[in-house]
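Hello,

Here is the structure I promised to pass on. Have a look at it first, and then read my notes below.

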Amino acid sequence: AIVSRFYVTSESHLNSLHNWVENRLGFPMSGFRLEDYCAHFVFKMFEDLDMPIIDPRRFIVEVWHSQGSNAQNVADPTQSATSFCPLEHVVINLTLDDFIKAFSS
């Protein structure tokens with residue numbers, strides 16, 4: 001398995017990635033808008049060896065997201081902050097071709 005990690009030191013980078021997932025991939029992300037300390041995205045790619053090599057569904061990308069610590073729900077400000085937000089499944093079964101098209105446009 002190949003694992004790659006990319007670290008950013010600015011909240012604006014995370015907000016840009018957040019906007020990219022919402023706008024380019026077309027998946028609205030819950031009521032959370034603020035990226036707090038330890039916020040992160042996880043991109044997972046899976047290969048289905050039973051699919052033909054030329055089938056675009058052979059490679060599937062999933063996107064997971066956590067708002068980090070002490071995230072506040074913007075949609076419902078009365079909701080109390082949590083100590084650490086768990087990963088949420090944002091994008092399910094996105095083909096690698098669609099992911100690359102969204103990334104390159």
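Before the sheet, a word on terms: two strands count as paired if DSSP finds at least two bridges between them. Helices (H or I, at least four residues) and strands (E, at least two) are DSSP runs, numbered from the N terminus. Please keep in mind that this is a predicted model, where local features need pLDDT of at least 70 and side-chain atom pairs count only at pLDDT 80 or more, while totals for chains, interfaces and linings use all residues. Residues are numbered from 1 along each chain as its sequence is written, and side-chain values use heavy atoms, with hydrogens and water left out.

**The sheet**

The chain has 2 helices and 3 strands, and along the sequence they follow the pattern α-β-β-β-α. The strands make an open sheet in the order E1-E2-E3, with antiparallel pairing. Strand E1 (40-47) and E3 stand at the edges with a single partner strand each, so one side of each has no neighbour in the sheet. On average, neighbouring strands are turned by 15 degrees against each other, direction ignored; axes here are lines fitted to C-alpha atoms, for helices over the stretch in contact, and angles run from 0 to 180 degrees between N-to-C directions.

E1 and E2 are joined antiparallel over 8 bridges, with Glu47 opposite Phe59 of E2 and Phe46 opposite Ile60 of E2. E2 and E3 also run antiparallel, joined by 5 bridges, and His65 has Glu88 in E3 as its bridge partner. E2 is mostly covered, as 7 of its 8 residues are buried (under 20% relative accessible area; exposed is over 50%, and partly exposed lies in between, with a 1.4 Å probe and protein chains only).

**Helices and core**

H2 lies across E1, E2 and E3 and runs at about 105 degrees to E3. Which residues have the most contacts inside the largest nonpolar core? They are Val21, Leu25, Val63 and Val91, in a core of 14 residues. Helix H1 (11-23), strand E2 (59-66), strand E3 (88-95) and helix H2 (96-104) each supply at least two residues of this core. Such a core is a set of buried Ala, Val, Leu, Ile, Met, Phe, Trp, Tyr and Cys residues joined through side-chain atoms within 4.5 Å. Leaving aside residues up to four places away in sequence, Val21 touches Gly26, Phe27, Met29, Phe41, Val63, Val90 and Val91 (contact means heavy atoms within 4.5 Å).

**Aromatic rings**

The whole structure holds 3 aromatic pairs. One of them is Trp20 with Phe99, edge-to-face at 5.6 Å centre to centre and 90 degrees between the planes. This pair links helix H1 to helix H2 across 79 residues, and both Trp20 and Phe99 are buried. Ring pairs also link Trp20, Phe41, Phe43 and Phe99 into a cluster. For these, rings of Phe, Tyr and Trp (its six-membered ring) pair if their centres lie within 6.5 Å; planes under 30 degrees apart count as stacked, over 60 as edge-to-face and the rest as tilted.

**At the surface**

Pro28 is in the loop between H1 and E1 and counts as exposed, at 71% relative accessibility. Across the chain, buried residues make up 30% of the 105 residues.

Best wishes
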